[in-house]
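Subject: Structure for your review

Hello,

Please find the structure below, with the sequence alongside. My notes on it come after.

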Amino acid sequence: MTEIKDFPETLEQWRGHWEGILDKGGNPFLCPGADDTKRNIVWTSRKDETEPFVLLSENSSLDDAKRIKARRIQLPNSVVDTNHAELCGLLPNKTYYYRCVTNQKHSEIYSFNTKGESDIFSCIYISDVHVGSSKDNPEVLTETGFRLHKVFLEALSHRPDISMILSGGDQASSGKADEYRAFSASPVLSEIPINCIVGNHDKKNFVYTYFFNNPNYKIDGSHSFIGSDHWFTHNNALFLCIDSNNSCLGDHIKTFETAFSENPGCKWKILMIHHDLYGGHNKNRSRENRLLANLLVPLIDKYGIDLVTGGHSHYYSRSHILHNKKIVEKTDGKSETTNPKGTIFLASGSVNCPRNTKKGYLPGPECAADHISTDDRIYNIFDFQGDRLTVRSYAMGKKEPFEVFSIVKHGLDGAHPRTKFPVYYGLYRAITFIYGLINNRIEINRLHKKGIKE
Ligand SMILES: [Fe+2]
Ligand SMILES: [Fe+2]
């Protein structure tokens, strides 16, 4: 259970916390490890700090602490660097204490809990946080970071035992190091890991590639200039984290094949992508979403994905049950489905940039529910409870969720049919490989022309 009473509550308290971060040792934050026996750590420090390491102990005084070496990661276009460390061999149902150290600074002592082996756990899902920055107005950075922190506090007031936070891309508006620093500045993230995926705005700089410390992440195997797919397990759920800006189908097939062959016994299969394939509301994005659906849906169907999470449009929507791009079960007006024969696609709204739909721009025919507002900042809580996964979607400041929907699934697969890849898939693989290479070069050149260095 996370103790929330000592966290900053007001903008003034937040400002004090945010402005002192580098002097206090970089406000470490946690990312998931490859499974629950591991956690990854990130903290920022000034360019002249060196020799980073982490002290880890089950004892709050750190008397008998293990010293774990960290890696210095040089951030481009930034006055700070990040330090990455991996904590391994963690046991269930424990509290661990840690401190991050360089040759010049050390952080406060933080703690985190590991989960027991019960299959009951909860995650926060957010998307399009869009922490922003402005040369003329430093308040933008402070306020957008604070709003995200307030979302965490409110979600924790509903569910104090949240054990994972998931962010569906567009963490930052311009992809700058300061934006990611403000995104990860909440002290909640020193206790609960956050998993992020790439959004299109994260590709506006080269920083994202180096900032986060993702598990099962191999940058050399990717044809995307911003990085690679990754995956992890948490309890009995497998989370596949795909860069949906990267058209190279071969990369994504490799991610699915490896993740599933290494984790055959996971009950819940969650795919995180940035784009909302079926949300509608935005006519000029429908072609891009159709193309992405042609690429990704055969993978989703072959591996029996239960829930696809997205964002990008900044309009909240939840689909009917879909298989092979068709509705196989209508769910409007329903609160649950049992052993569905397909997948639900969820698109969350934005945390910092809620958007009202233009007149006449309707939800897609695949949508079962949507929630459109210029004001409502959306977050979701996923409750995993044995055979039941419930998605509760909230507008910030409201006590009750505006949408609740459960998937009930018996066994590992329920009734989800497993289909083979279509015959055209081999051709797509070849075409998207070449397109991916060319597109990367174009995007890298575009950033270089703006004076943004790798
Ligand atoms: Fe966005
Ligand atoms: Fe986006």
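Predicted model: local features only at pLDDT ≥ 70, side-chain atom pairs only at ≥ 80, totals over all residues.

Overall fold

The protein has seven helices and 24 strands. Its radius of gyration is 21 Å, close to the 22 Å that the globule rule gives for 454 residues, so the protein is as compact as a globular protein of that length. Along the principal axes, the C-alpha trace spans about 60 × 50 × 45 Å.

Two domains

The domain assignment divides the protein into domain 1, residues 25-113, and domain 2, residues 120-408. Domain 1 puts 31 residues into the contact and domain 2 puts in 28. Between the C-alpha centres of the two domains there are 26 Å.

How much area do domain 1 and domain 2 bury between them? The figure is about 2100 Å², with 56% of it on carbon and sulfur atoms. On the domain 1 side, Phe-29, Pro-32 and Asp-36 together supply 26% of the area buried against domain 2, more than any other three residues.

Several strands of domain 1 give two or more residues to the side that touches domain 2, namely β1 (29-32), β2 (39-46), β5 (71-73), β6 (80-87) and β8 (110-113). Sorted by class, that side of domain 1 has 16 nonpolar, ten polar and five charged residues.

A salt bridge across the sequence

The salt-bridge count comes to 21. One pair is Glu-9 with Lys-150, where the closest N and O atoms are 3.6 Å apart. This pair links distant parts of the chain, 141 residues apart: Glu-9 is in the segment before α1 (11-19), while Lys-150 is in helix α2, residues 139-158.

Asn-216

Where does Asn-216 lie? Asn-216 is in the loop between α4 (208-211) and β12 (230-234). Leaving aside residues up to four places away in sequence, Asn-216 touches Ala-34, Asp-229, His-230, Trp-231 and Phe-232. With Trp-231 there is a polar approach as well: a polar atom of the Asn-216 side chain lies 2.9 Å from the backbone oxygen of Trp-231. Val-188 is 28 residues from Asn-216 in sequence, and their C-alpha atoms are 24 Å apart in space.

Regards

Note on methods: Residues numbered from 1 in each chain as written. Chains lettered and ligands numbered in written order. Heavy atoms only, no water. Domains from an automatic or database assignment. Contact = heavy atoms within 4.5 Å. Buried area = accessible area lost by both parts, 1.4 Å probe. Helix = DSSP H or I, 4+ residues; strand = E, 2+ residues; numbered from the N terminus. Nonpolar A, V, L, I, M, F, W, Y, C, P; charged D, E, K, R; others polar. Rg over C-alpha atoms; globule rule 2.2 N^0.38 Å. Salt bridge = Lys/Arg side-chain N within 4 Å of Asp/Glu carboxyl O. Polar contact = N/O pair within 3.5 Å; in protein donor to acceptor, adjacent residues only side chain to side chain.
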